[in-house]
Amino acid sequence: MLDRTVVEQFLDEEFGDLDLEIPEDVSKSTLVETFCQYTEDDYYEWLKDNFKSFFEHGDPDWEWIRNKIKSYDKQ
């Protein structure tokens, strides 16, 4: 679940950079919540796709995973 405060700050910055304004008939809190839900829906699908590729559709290459773990431990 996304941190709504962080998302609101992000939207403020992005809207400022693009010189966009929220229409008067759209509340900021509703926009933030709707954007969060939209992003979370997409994020879940992205996680599922990455899970499938990382674990090779149920036939994981554990040696490759161990190497990934080692490479991230070094960072």
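Biologist: Which residues are linked in a network of salt bridges?

Modeller: This is a predicted model. In it, Arg4, Glu33 and Glu40 form such a network.

Biologist: What makes Glu33 and Arg4 a salt bridge?

Modeller: Their side chains come to 2.9 Å, N to O, and the cut-off is 4 Å, so the pair qualifies. Glu33 lies in helix 2 (residues 28–54) and Arg4 in helix 1, so this contact ties together parts 29 residues apart in sequence.

Biologist: How do you know that Glu40 and Arg4 meet in a salt bridge?

Modeller: The N to O distance is 2.7 Å, which is judged against the limit of 4 Å. By this rule there are 6 salt bridges.

Biologist: Why is Glu40 called partly exposed?

Modeller: Its relative accessibility is 21%. Buried means under 20% and exposed over 50%, so a value in between is partly exposed.

Biologist: Why is the pair of Phe51 and Phe55 called tilted?

Modeller: The ring centres are 4.7 Å apart, and rings pair within 6.5 Å. The planes of Phe51 and Phe55 stand at 45°; under 30 degrees would be stacked and over 60 edge-to-face, so the pair is tilted. Phe51 and Phe55 also belong to one aromatic cluster with Phe54, Trp62 and Trp64.

Biologist: Why does Phe51 count as exposed?

Modeller: Phe51 has a relative accessible area of 53%, and exposed means over 50%, so the label follows. Phe55, at 24%, is partly exposed.

Biologist: What is the mean pLDDT of the chain?

Modeller: The mean is 96, and 100% of the residues reach 70 or more.

Conventions
Residues numbered from 1 in each chain as written. Predicted model: local features only at pLDDT ≥ 70, side-chain atom pairs only at ≥ 80, totals over all residues. Heavy atoms only, no water. Phe/Tyr/Trp six-rings, centres within 6.5 Å; stacked < 30°, edge-to-face > 60°. Buried < 20%, exposed > 50% of the residue type's maximum accessible area, 1.4 Å probe, protein only. pLDDT = per-residue confidence, 0-100. Helix = DSSP H or I, 4+ residues; strand = E, 2+ residues; numbered from the N terminus.
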